[in-house]
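Here's a quick briefing on a protein model. Have a look at the structure first, then we'll go through a few of its parts.

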Amino acid sequence: MCEPALGSGAFAIEAVRQLAAEYLTRRQDEVGERIDPEEYPKELQKVKAYLALHNVYGVDLNSTAVELAEISLWLDTMMEGLQAPWFGLHLRRGNSLIGARHAIYPRFVVEKKRGWLKAVPNDLSLSDIPGDVSEGRDGAASGGIHHFLLPAEGWGSAINAKEAKELAPEELQKLKQWRKQVLVQPTKAQVDTLVGLGRRVEVLWQLVWRRLSIAESEIRRSIAVWGADDLPVGGAVTREQIEQSLADPNGAYRRLRRVMDAWCALWFWPLTEETAPPSFDEWIETLQQLLGRVGNVRKQPLGQLSLASAANWKDLGIAEESDLGFAMVSDVAKVLDEHPWLAAAERVAAQQGFFHWELDFAPVFSRGGFDLQVGNPPWVRPRSDVEALLAEGDPWWQLKSKSTAREDAAHRRLALDAPGVATLVREANGEVAATAAFLGSEVVYPATAGLAPDLYRSFMSQTWDHAKSTGSVGLIHPETHFTDEKAGPLRSATYRRLRRHWQFINELSLFEVHNLVSYGVHVYGFAREVVSFLQATSLYHPDTVERSLEHDGSGVEPGLKDDAGKWDLRPHASRIQVIDQSALSIWHAILESDAVPVGQSRMVYTVNRATAAVLSRVAEAPRIGAIGLQLSIGWNETIDRSKGRFDAEWGVPESWDSVILQGPHLYVSTPFYKQPNPTMRNNKDWTPVDLEALAVDAIPVTQYRPCGDATMYGSAYGRWTNNGGTVSPRSAYRIAWRTRAANTGERTLIPALIPPGTAHVHRVSSIGGPEVNSRILAVVLGVLSSLVSDFLVRAVPKSDILMSTVERLPMVATSGPVSDRIAEQVARLNCLTKAYSEFWEDVSGNSWDMGVPYFLAHQRRVAQNEIDALVAYALGVPLEDLLTIYRTQFPVLRGYDGDEYLYDSRGRPVPVEIRQNWTKSGKPTSEKEFPVDARTSMHPTSGTAYTYDLPFVNCDREEELRIAYEATASNYPKSL
């Protein structure tokens, strides 16, 4: 068993506990005997100790973590009479994801013009190595060229570091020039040499395998495991002898490892390294000195030099010494002296801790791989936090909130002038660039080709490769690959390997990450031809899924929260869903185009079978994408600001042409939702807008203002196509929505209408088109603002709501009485000022005045509920399914409806402070018990004082939806 991201070894320890208990349970059943209860703890401890000492493997980059894991594992399994353990062969310090592997290129690939640089090498199993050694065969890889013998396209990846051009321009050019010189097509003679080196690699690998196999057998302890007789015991070779042999720089193990380390180090070659990296000729020469020359040993086949019969440590030493002598290898100290670049590579390798799994754990892979892999790999992407690095020279970078581009530039210069900071930034960015290049390489990690590097995805791919054909993998990791549009091939590979998928949300803080972080327990096996796995989503505690697997299916189906407003931990058989080809087909119909294979469909997360049934109802509906809307992504808040397109400045713009909207400005069908406070401290420093006091010519308060020439500002914003020409997106009304997705918040899809002239940052997206009329745009906005659409978006949770997500949402008919009513209600909710007058006139055919918009909160609520009912009805979603969606998928909204959303008799929302005082006073219903002064409050943005009239009431959204739906069905009986 293996924990590939070892940490303190928590998963390995728990695996040992469970496997030990399971062994004793099964073994007792097999032999028909029972262990005396008083003796059971002692027997259990023996099994745990045996497994921990002989069967547990793990790797971690942090050497202290490895030491802690050793101590923890021993403390949990120690038993009377057993000497202190040695885990040195099994628990290793290293970077699990960066290393070389047993993979080759056929000669013809290398003979093509630099063909190997983009080609994926053939991974060759080590399972034949025992037979190859015993029969004296060269091995399946002989005749090929191992991938780590050839220059890689990722060598010198520090050239991609963000800060390289500014901070190390000369070094950058030198490294680029070296890459051009080393990434060349080998000559025929060089290919011949590389093929010979491949044969030498195989010989050394056989030697390493034999040495590690003997070492593992000799470190085995004598432990009397109950029910297991004749377990092998070692002892003929001491720990000191093993450590000395594996540390010998001139031995086969260290020679082969040094070559692999050097290959990896050239990916991470520092920009500031004074020693020049090797030319291609020097690279090959160094390999020959380290590995030997195959021509010198052909007359002395290794099998005849006694490796096949080297059954003990001493004989193996003779065989290894004989082979290296005939191969005419050079003394490593001499090689280091002759090739200074190799010493520099070793310094890089020591820092980065490259790990070569099939070399260091060769005996495991000769048996086919690991039976069990478990763990919680890192949930991070290789990204450089430049501001954190700059803070080492100027703490302002950690203390600042909103700042201007000019302030950033001044403090950047100040930080980089501090001693050592420029070097720190260069080196840190170089390491990140190299890590990203390695993990993103289609040659190294073909399963994640074309995707942004992410450590957890690399661990997924790696554990699949390291598993025995009958092995299992259990990992806790994020799930962005299930909803990432670009991750289709990885998703397909995942579906075929999945056996169990339990998706969790961290609301109970089981992990020390944000409470909204979503992750899953994933159990993988070998890749099957037919997809079939069990799934449960929106879980908060593992106990829920365990009990759901045993539930009889009775009772109300659970949702995200229970009726008490707490996270729903109730078990239910409906939580467990079988995902097979038919389920994938439904997902595909909802989310994908015909160009996407069904097996690559993005995942839909449904908490129970009732919500899953809604998916099949809307699967065949037309899609919004068929309308032909165009996208505007707006200003990039970082890049365009640094270019001087706009800067931070709070205030009311002089016109809509100067408005730059951000996400908090908008809410569902509410273009005036919040405004930033003058302090502009953070993204929560905003205050709600008073819609009742909204002026006829109101313009939203913003915290950004355009800079420079207005014409340049407009032309840089982007263009839409129009009858063979182009127009600015800012010339039209658009549907805008918050791009960032709050998947478990009150609402996830938050769209509103914005008028011509408006710009926005990239945290807001907008759609429209010069050829799309206002009425159709209003119907689209109605669909997007509905609960059904919001449910479909949060059923495929991801960090951003992209245009592709919106285009795949179902669309109602754009003509007919239902769509007419949707368009009218949408227009009344959004057309709040005269800037929207033209839109209203296009939709309704009437002129706009201040009597058109819905300003009162309750009035707006009723209209939005009607839109929810109209859209559900038009899409064929039954009333009870709509209510189930609301009840189970929108727990925050439901909770607010039952408590915080309190209305007075005029339909105004009661402010928090009045609501709290009213509650403390026992919720009085008469003005005598709750006088005027206790019911009066000044709105923070408008300064208007409002008196809130009793009685105060919470509204029942389920009843409101029911009334609206039944009215719709009555008014439009043939609209479907």
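Two strands count as paired if DSSP finds at least two bridges between them. Helices (H or I, at least four residues) and strands (E, at least two) are DSSP runs, numbered from the N terminus. What you're looking at is a predicted model, where local features need pLDDT of at least 70, side-chain atom pairs count only at pLDDT 80 or more, and totals for chains, interfaces and linings use all residues. Residues are numbered from 1 along each chain as its sequence is written.

- Strand β4 (residues 103-105) pairs with β5 in the antiparallel sense, over two bridges.
- Ile104 sits opposite Asn122 in β5.
- β4 and β5 belong to an open sheet of three strands, in the order β5-β4-β6, with antiparallel pairing.
- β5 (122-123) and β6 (145-146) are the edge strands, as each pairs on one side only.

**Two helices**
- Helix α8 (residues 188-218) packs against helix α11 (residues 280-291) at an angle of about 30°, with the axes 10 Å apart.
- Axes here are lines fitted to C-alpha atoms, for helices over the stretch in contact, and angles run from 0 to 180 degrees between N-to-C directions.
- That's why α8 and α11 are roughly parallel to each other (angles under 35 degrees count as roughly parallel, over 145 as roughly antiparallel, 65 to 115 as roughly perpendicular and the rest as oblique).

Terms used. Heavy atoms only, no water.
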